[in-house]
Amino acid sequence: AVSDVAGALIEPLANAIHLYDSILRVNGPVRRVAIIGAGGQGLMALLTGRHLGIECDLIEPNASRRDRALALGARAVFHPEEPPRPAAEPGYEAVIETAGYAVSRRLAVQIAAPGATILYLGLHDATSTVDDLDIINRELTVMGSYAYTKRDFQRALDLAATHAFDLEAFNTPMRLAEGVEVFDRLVNRPGDLIKAVLLLKDDAQ
């Protein structure tokens, strides 16, 4: 059994399971991935990747979220204006882009190793321009991931029930009356707020 707060994260966990299945189906086993964005879905991708034994680096502009990623097991964290450099860090076998911005999709292409898989998950920008010649010359695979299957959701439920990792680690319970403020914070000034669960009862801590 899982708590109500943890249960609210079953859906993003199912998303993470689905995206790794997609990457492994194309790439086979991978040792290192980069995750762009440390919101709820990016950190869930981090937790799931670590559970699978994959080294995960994370790229995020928010310092509080970078710190949270390190606490959750990221191998290294980077600011997008100072991303990992090929001379210092080998390219990644897979890059998971969770922010959804055109600039972060371009970054995903830049840091991918030859033959790598780039997976787009973020939905912010409807269109983006990337270096198609780079994709061709380095034989990159670019794919999207959306939602999950019934099997993914059941696997997420089963995994959550084992308490293999703390699903409440970045989920903040808040009162339903605070809903508008919560969405404003998440969009404009997130700070260390990653994901919020709005409670019907007036007992948020």
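## Helix α2

Helices in this report are DSSP runs of H or I with at least four residues, and they are numbered from the N terminus. The structure described is a predicted model.

Helix α2 covers residues 10–27 and has 18 residues. From its first C-alpha to its last, α2 reaches 26 Å, close to the 26 Å expected at 1.5 Å a residue. After α2 comes Gly 28, which has a positive phi, near 80 degrees.

## Helix α3 and its crossing with α2

Helix α3 is formed by residues 40–51. At 1.5 Å a residue its twelve residues should span 16 Å, and the C-alpha atoms at its ends are 16 Å apart, so the two values agree. Ten of the twelve residues are buried, which leaves α3 mostly covered. The buried residues are Gly 40, Gln 41, Gly 42, Leu 43, Met 44, Ala 45, Leu 46, Leu 47, Thr 48 and Gly 49.

Two packed helices are described by the angle between their axes and the distance between the axes. For α2 and α3, the axes come within 9 Å and cross at roughly 60 degrees. Angles of 65 to 115 degrees would count as roughly perpendicular and angles under 35 as roughly parallel; α2 and α3 are therefore oblique to each other. Their crossing is right-handed.

## Aromatic rings

One aromatic pair is present in the structure. Its rings belong to Tyr 148 and Phe 153; the ring centres are 5.6 Å apart and the planes stand at 35 degrees, so the pair is tilted. Planes under 30 degrees apart would count as stacked, and planes over 60 as edge-to-face. Tyr 148 is partly exposed, with a relative accessible area of 30%. Phe 153 is also partly exposed, at 28%.

A charge is placed over another ring. The charged end of Arg 105 sits over the ring of Tyr 120, and its distance from the ring centre is 5.6 Å.

## Positive phi in two loops

Most residues other than glycine have a negative phi. Glu 139 has a positive phi, near 50 degrees, and is not a glycine. Glu 139 lies in the loop between α6 and β6, where β6 is 141–144. Its relative accessibility is 63%, so Glu 139 counts as exposed.

His 163 is another residue other than glycine with a positive phi, here near 55 degrees. His 163 is found in the loop between α7 (150–161) and β7 (171–175). With a relative accessible area of 55%, His 163 is exposed.

## Residues apart in sequence

Ala 1 lies in the segment before α1, which is 4–7. Ala 1 counts as exposed, at 87% relative accessibility. Although Ala 1 and Ala 160 are 159 residues apart along the chain, their C-alpha atoms are separated by 8.1 Å.

Arg 155 lies in helix α7. At 28% relative accessibility, Arg 155 counts as partly exposed. Arg 155 and His 18 are 137 residues apart along the chain, and 9.8 Å separates their C-alpha atoms.

## Two further pairs

Thr 129 is placed in the loop between β5 (112–120) and α6 (132–137). Thr 129 has 58% relative accessibility; the cut-off for exposed is over 50%, so Thr 129 counts as exposed. Thr 129 and Arg 106 are 23 residues apart in sequence, and C-alpha to C-alpha they are 7.3 Å apart in space.

Leu 198 is part of strand β8, residues 195–199. Leu 198 is partly exposed, with a relative accessible area of 32%. Between Leu 198 and Val 182 the separation is 16 residues in sequence and 9.0 Å in space, C-alpha to C-alpha.

Conventions
Residues are numbered from 1 along each chain as its sequence is written. This is a predicted model: local features need pLDDT of at least 70, side-chain atom pairs count only at pLDDT 80 or more; totals for chains, interfaces and linings use all residues. Side-chain values use heavy atoms; hydrogens and water are left out. The expected span of a helix is 1.5 Å times one less than its number of residues. Rings of Phe, Tyr and Trp (its six-membered ring) pair if their centres lie within 6.5 Å; planes under 30 degrees apart count as stacked, over 60 as edge-to-face and the rest as tilted. Buried means under 20% relative accessible area, exposed over 50%, partly exposed in between (1.4 Å probe, protein chains only). A charge sits over a ring if NZ of Lys or CZ of Arg is within 6 Å of the ring centre and within 35 degrees of the ring normal. Axes are lines fitted to C-alpha atoms, for helices over the stretch in contact, and angles run from 0 to 180 degrees between N-to-C directions. Angles under 35 degrees count as roughly parallel, over 145 as roughly antiparallel, 65 to 115 as roughly perpendicular and the rest as oblique. A crossing is left-handed if the near helix is turned anticlockwise from the far one by less than a right angle, and right-handed if clockwise.
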